[in-house]
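Let's take a friendly walk through one part of a protein. Please have a look at the sequence and the model first, and then read on.

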Amino acid sequence: MFPIVRLVKDLFVASRMAPLDLTETHISTHICWPWDLDLWMELNNGRAMTLYDLGRTMNAQRVGLIRAISKRRWGMTMAGSTVRFRRRIRGFERFEMRSRALCWDDRFIYLEQSMWKQNGECASHILFRAAITDKNGIVAPTEVLAAMGRADTPSPAMPDWVAAWCAADATRPWPPMQETLA
């Protein structure tokens, strides 16, 4: 179940925070509640993805993206992701989430998020390839930036590790798993 109460609370909190520049980091704090746990009494990986949704939404609000896409009835979808889980987050444990845009190309915006334990260890890190969409498909990031009043903003250089992931992902077959059907 999507955490609607958390979403409303987080959007309210984010609306009272100072705006961010496009690639600045939004930081939010969270608690791993009992309904976030899996059978091993740690943050469920599916719930971690949902919490990352909340962080991206708050970041999008603070950079002005929510206003721009709402006015035009655009949507935001995730077109790909890669995640690393390295440390467990246990029940009732507090943690910090960091969310930011890294860069963009002609079709996608690349977002980076991480969860940090109170002892300073990174529990997980994720890279998302996001697309803004309208009824005709993907809206180019340059058009999105123009709608945000930032038409002349160049993308930061794409980090090598992001470019390598994009290149590797481009080699994946689509549709997948077709060889098993032959």
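Eight bridges join strand β4 to strand β5 (residues 122-134), and the two run antiparallel. Strands here are DSSP runs (E, at least two residues), numbered from the N terminus, and two strands pair if DSSP finds at least two bridges between them. This is a predicted model, in which local features need pLDDT of at least 70, side-chain atom pairs count only at pLDDT 80 or more, and totals for chains, interfaces and linings use all residues. Residues are numbered from 1 along each chain as its sequence is written, and side-chain values use heavy atoms, with hydrogens and water left out.

On the other pairing, β4 meets strand β3 (residues 94-104) in the antiparallel sense, over nine bridges. Here is one bridge from each pairing:

Four residues separate β3 from β4 in a hairpin. The hairpin of β4 and β5 also has four residues between its strands, and Gly120 in that turn has a positive phi of about 90°.

How many of the nine residues of β4 are buried? Eight of them are, so β4 (residues 109-117) is mostly covered, where buried means under 20% relative accessible area (1.4 Å probe, protein chains only).

Now for the loop between β2 (75-85) and β3, where Glu93 lies. Glu93 is buried, with a relative accessible area of 18%. A polar atom of the Glu93 side chain lies 2.8 Å from the backbone nitrogen of Arg90. Beyond its neighbours within four places in sequence, Glu93 is in contact (heavy atoms within 4.5 Å) with His30, Ile31, Cys32, Arg88 and Lys117.

Methods: Buried < 20%, exposed > 50% of the residue type's maximum accessible area, 1.4 Å probe, protein only. Polar contact = N/O pair within 3.5 Å; in protein donor to acceptor, adjacent residues only side chain to side chain.
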